[in-house]
Amino acid sequence: MELAVVGAGHVGAVCAACMAAVGHRVRVVDVDAQRIALLRAGRAPFFEPGISELLEQGRTRELLSFHVDPAEALPGAALVFLCVNTDNGPDGSVDLSYVESAVQTVSRFADDGAVLVNRSTAPVGTAEYIRSMIEELRGGSLHVAVNPEFLAEGTAVHDFLEPDRILIGAWDKTPIALLAEAYAPIVERRLPSDLREMLANGHRRSGDVPFVVTDPASAELAKYASNSLLAVRVSFINEIAGIAEELGADITKVARAVGLDTRIGPHFLRAGIGWGGSCFPKDIVALQGIAETRGLSARMLRAANEVNTEQRMWTTRQLQSHFKTLFGRRVGLLGLSFKPGTDDMRNAPSLEIASQLAQANVQVRALDPAVKTLPAGFEDKIELLEDPESLATGADALVLVTEWPEFADLDLRRLRGLMRTPLLLDGRNFFDPERARSAGFTYMGVGRAQEVAGVVPALPDAEPSAGDDEVLIGVTAARR
Ligand code: UDX
């Protein structure tokens with residue numbers, strides 16, 4: 001099929017590269033000439049595993065092209081995916097100006113009968129608004145549909161090609177049929193063998209991918225509800241972590257036991273120093289704004305946000321209770337990105353922590369495998385270092401902020417030897433507390449009371465052969 005994508009950001013570039021990888025001819029248009037030049041050279045303007053390979057493949061197979069001129073990209077496309085930014089104001093109001101100007105462009109250049117598919121996260125009612133714009137601009141000769149994206153950074157290629165579901169919101173049959181055709185190789189899991197190989201480490205599933213069709217408003221709301229529920233889950237487990245810390249329990253064991261209930265499931269129950277990124281904070285505030293402007297209370301959403309704000313104080317509180325005064329202390333942050341597998345620092349807890357510490361006259365230094373430049377305004381708050389030894393030298397505390405797998409190989413004993421005070425704050429419960437303590441550290445994890453090992457009788461270890469799902473905190477299913 002002939003497809004077009006408007007917007008060459010994370011969502012647009014991944015959509016285009018993946019659609020080309022399953023055999024469609026895709027033309028991407030963006031107003032940012034620099035971004036287009038990079039993509040033409042086969043380079044992604046962001047960090048995302050697998051994307052460069054797909055861009056290169058699309059280019060050599062001549063299935064993928066990048067344009068600044070919409071007149072080159074839009075005519076001839078059966079489906080035009082709208083993947084533009086929708087930023088929020090602090091009150092949750094969503095700025096739709098990029099959507100508006102993209103709709104004007106599509107309206108001018110797309111063929112009669114083409115489908116404009118909105119993939120940008122936008123408030124409930126945006127599809128309706130787009131439809132009314134098209135009606136006004138060209139008498140409604142384009143179809144409108146919604147197809148929310150559920151791509152997590154770092155696994156976006158996998159999430160696109162092996163999704164849990166594909167969600168379509170539409171008013172009539174034509175867009176549904178065209179989208180079903182475009183997604184058929186993904187729905188029916190008919191991916192080319194090189195792609196299957198590339199995804200080999202992902203969670204392979206069998207059977208067709210659910211292709212869910214709703215009205216546009218339900219699809220738009222489902223997107224916000226998904227992200228909000230995930231954020232609520234993390235805030236919930238973080239609230240329980242605070243209780244665990246107080247009561248001498250270990251949140252990692254609590255979460256494991258809770259998550260084994262099939263009605264609950266194990267995902268998004270990892271306690272830590274709070275959620276961040278480009279989606280959760282933006283979407284939960286937007287949904288709260290949508291509800292509140294209609295006189296609804298959105299209490300759960302507000303509470304999730306409040307818990308998260310509170311959670312971002314964890315590091316500073318731990319340091320304060322350990323050192324009494326923070327003035328002149330030196331702290332090393334292990335990780336800056338909001339999660340591993342990306343260099344994205346939008347709404348990253350690291351920035352909030354660095355600001356709090358800088359305010360208390362703490363010298364903040366950091367190390368991150370992907371982040372090589374600091375966001376504007378942080379150059380004087382954080383000193384970016386290249387190796388863990390420099391980070392540890394003379395430090396009063398190390399704080400694990402992002403659970404990069406690389407950090408598992410750190411020589412804790414050596415780092416501890418370089419430090420002024422051997423304090424390790426594990427903001428993601430990444431390290432084995434025993435290993436950290438036996439390396440000489442005073443170790444604190446989130447929701448892991450320090451004395452747990454002494455208070456709770458040790459449970460028998462899991463049998464090495466037992467499958468992950470059969471083990472309940474060290475007791476195998478067979479023994480239960
Ligand atoms: C999210 C959604 O997962 C994705 O479907 C949507 O399209 C975009 O938003 P992303 O922002 O890339 O994706 O990150 P995600 O992996 O969902 O993590 C979000 C935040 O929650 C991160 O800060 C992460 O550290 C935190 N988190 C996640 C936890 O603190 N604990 C968990 O158990 C899971």
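A: At 3% relative accessibility, phenylalanine 160 is buried, where buried means under 20% relative accessible area, exposed means over 50%, and partly exposed lies in between (1.4 Å probe, protein chains only). The model is a predicted one, in which local features need pLDDT of at least 70, side-chain atom pairs count only at pLDDT 80 or more, and totals for chains, interfaces and linings use all residues. Residues are numbered from 1 along each chain as its sequence is written, and side-chain values use heavy atoms, with hydrogens and water left out.

Tyrosine 183 is buried too, with a relative accessible area of 2%.

Now the ring pairs. A search of the whole structure gives four aromatic pairs. Rings of Phe, Tyr and Trp (its six-membered ring) pair if their centres lie within 6.5 Å; planes under 30 degrees apart count as stacked, over 60 as edge-to-face, and the rest as tilted. One of the four pairs joins phenylalanine 160 and tyrosine 183, with 6.0 Å centre to centre and 35° between the planes, and is tilted. Phenylalanine 160 is in helix H7 (residues 156-161) and tyrosine 183 in helix H8 (residues 173-187), so this pair ties together parts 23 residues apart in sequence. Helices (H or I, at least four residues) and strands (E, at least two) are DSSP runs, numbered from the N terminus.

Phenylalanine 268 and phenylalanine 280 also form a tilted pair, at 6.1 Å centre to centre and 45° between the planes. Phenylalanine 268 lies in the loop between helix H11 (251-259) and helix H12 (280-292), and phenylalanine 280 lies in helix H12, so the pair ties together parts twelve residues apart in sequence. Phenylalanine 268 is partly exposed at 33% relative accessibility, whereas phenylalanine 280 is buried at 12%. Together with Trp275, Phe268 and Phe280 make up one aromatic cluster.

The largest nonpolar core has 49 residues, and Met19, Phe81, Phe160 and Leu161 have the most contacts inside it. Such a core is a set of buried Ala, Val, Leu, Ile, Met, Phe, Trp, Tyr and Cys residues joined through side-chain atoms within 4.5 Å. Helix H1 (residues 10-21) gives the most to this core, with nine residues. Leucine 161 touches Cys18, Val22, Ile186, Leu191, Leu195 and Leu199, leaving out residues up to four places away in sequence; contact means heavy atoms within 4.5 Å. Apart from this core lies another, of 42 residues, including Leu74, Leu116, Tyr224 and Ala304.
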